[in-house]
Amino acid sequence: MKVLIADDEALIRKSISLHLQKCQIDAQCIHEVSDGEKAMAILTQGHDFDLVFIDIQMPQFSGLAIIEKVKVLHPHTSFYVISGYSQFDYVRTALLLSVTDYLLKPVSFEQIKAIVQTESIRLEDAKKARAAQIASQCQTAFRENHLPQPEPYLLACVCDPSPKAACTLQVQQGISLCLTEHHIFYSTFDFQGHRFFAVPDRVDAFSLKTLLASFMTNTHCSLICRQNDSPDSRPDFQMFMNCVYFSHFMPLNTCHLVELILKTFRQKNETLVLAQSYSLLHHARDTKNYFQYRKNADIFAKAFQNCYKALQPQQTQQLLARLAQLFPAEHPLNTPNDLPAFLEKYALSTLLCQTEGMALIEQVVSYIQQHYSENLSVSSIAAYFYISPNYLSTLFHNKMHIPASKFINQTRVEHAAQMLLETRLPLSTIAQKCGFADSNYLIKVFRKSTGLTPADFRKTHSVERMDNPNSLVDLS
C-alpha cells in the first residue's frame, strides 16, 4: 500500500507515519510532503498512491483545492482530509469532492488502524476485480485473434503442449501459491492449451520474472510479459503467440531473444514455422510418436537454421545448450548445422528404444492399409518414415512375424477379394485399384495367397451370393 501524507506540521506527519508503520505499512511506501505545492506536484506527475492523508490549510494550495484538481487523475485513490477545523463548510466541501473521510487532528492510532484495515480490503477487492477484468479482456481478444489494446498490464503464461504432463498441475499450483503469498492478485484463463495468468498493472516484468524464476526452469513453463507497449512496437496477435510457443525451449536468461527474433522476422513466417514445429516436436517426444517427431524435426531444424542468423554467437550457443538438455542424445550439437543429425540420433537412440519399435510398426501398418492402392514398396515406406529399408524390414519381421513386402501384397489381396465378390469390375480394373502392376501379377499373387485364381475365387464364392443378386454392384 502506497501512502502520501501532506501536512505542513512535521509533528502531525511523523505521528501518522509511525501509526502506519505499526500497522505493517513499509516505511519505504510512505511519502511525506510539507506544503501544497509539493503535494500538487507529486500528485499531478504520474505518482500513484492508494491512500492520501491531506491537510486543509497548507501554504500555496489548500488540501481541498488539490483534491478537486487531482481527483480525476486518481479515481481509485482514497483521500482522507485531516484538519484542526470542524467547520461545517469544510466538511460539506470535502463530502462534495467525494473524500473518504474527514478527520480532526490529532489522528489517533485506532483511527489509522481502522483506516488501514478498511483500505486493505478495498484494495484487495479492486485488484481481484482488475485481474478478472484483464483475464476477460484477454480471453475475448484472443478468441478474435488480436491482442487487447491498450496493454497496461503483465501477462504470465504457463505453456504446456502436452496437457497430460504430470508436472503441469503442480507448476500451476506452485505459481498460484507464490503469487498469493506475495499478495499479487491474478486471474487465469485458458487458450490453445495454455494457462495464462493475468496480473494487474503494478508488478513490473523484472520483479515477476525474479519471483517466478524457480518455475521457469520447467520445460513446460515460460513467462511472457507485455507492459505499456507503444503502438509501433506492439506485436500483432500471431507474433505474440509465436513468442509463447518459441519460449518453450528458451531458458529464463535468454527470454529477451524471443523479442529479438520476432523483430528480425516480423515480415516473415519463419518464427511461426519454428514455434509451431517445436510445439509439435515437443508433443511427439512426450507421447513417443516417432513418425510425428521425425516429420517435425526436419521442419524445426530448417526453421531454426534460418532464424539463428539474427542472433549473436553466444546467444546461439545458449539455445543449442538448452536443446541438448531437452533432447539428450549422444551426438554433438555445437552449431545449428548439427541439429538435423542431433535430432535424428535422439529419435533412433531414445524414442525407438523406449517403445521397442512397436509404435512405429503400428504406424507403418496403418500407412499400408491406407495407401495399398499406390505404388508401395519397402523402400518408399522407409523413406516416408525416415528410416532405412533394412531397418524397416528387420523391425517389421520381428514385430509382425511376416516380411513387410508380403504384408503389402496380403493387404492388396484382401481388398481384391472383397472387390471380386462385391462388384462386377473386370480383373484389370481391380488390379489397378488394388495397387498391382497388371492383371497377370494380380493372378500370380492371388493364387499364391489363396490357392485360387481370381476368376475361380469369384465363381466359387458367387454361388453363395446368388440368393441376393443385389449384392453385386456394377462400378464400371
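I call a residue buried under 20% relative accessible area, exposed over 50%, and partly exposed in between (1.4 Å probe, protein chains only). With that in hand I looked up N390, which is exposed at a relative accessible area of 62%.

A note on what I am reading: this is a predicted model, where local features need pLDDT of at least 70, side-chain atom pairs count only at pLDDT 80 or more, and totals for chains, interfaces and linings use all residues. Residues are numbered from 1 along each chain as its sequence is written, and side-chain values use heavy atoms, with hydrogens and water left out.

**Entry: N390 and α17.** I found N390 in helix α17 (residues 389–400). My helices (H or I, at least four residues) and strands (E, at least two) are DSSP runs, numbered from the N terminus. V378 is twelve residues from N390 along the chain, and their C-alpha atoms are separated by 8.8 Å.

**Entry: the sheet.** Next I traced an open sheet of five strands, in the order β2-β1-β3-β4-β5 with parallel pairing. Two strands pair if DSSP finds at least two bridges between them. β2 (30–33) and β5 (101–104) stand at the edges with a single partner strand each, so one side of each has no neighbour in the sheet. On average, neighbouring strands are turned by 20 degrees against each other, direction ignored. I looked at β1 and β3 too: they run parallel and are joined by four bridges. A6 has I54 in β3 as its bridge partner.

Helix α2 lies across β1, β2, β3 and β4, and runs at about 155 degrees to β1. Axes here are lines fitted to C-alpha atoms, for helices over the stretch in contact, with angles from 0 to 180 degrees between N-to-C directions.

**Entry: the core.** I then went to the largest nonpolar core, which has 20 residues. Such a core is a set of buried Ala, Val, Leu, Ile, Met, Phe, Trp, Tyr and Cys residues joined through side-chain atoms within 4.5 Å. Among those with the most contacts inside it are L4, L43, I54, I66 and F79. β1 (3–6), α2 (36–44), β3 (51–55), α3 (63–70) and β4 (78–83) each supply at least two of its residues.

What does I66 touch, leaving aside its neighbours within four places in sequence? With contact meaning heavy atoms within 4.5 Å, I66 meets G36, A39, M40, L43, I54, M58 and F61.

**Entry: cysteines.** Taking a disulfide as a pair of cysteine sulfur atoms within 2.5 Å, I get a count of zero. C29 is partly exposed at 24% relative accessible area, whereas C434 is buried at 0%.
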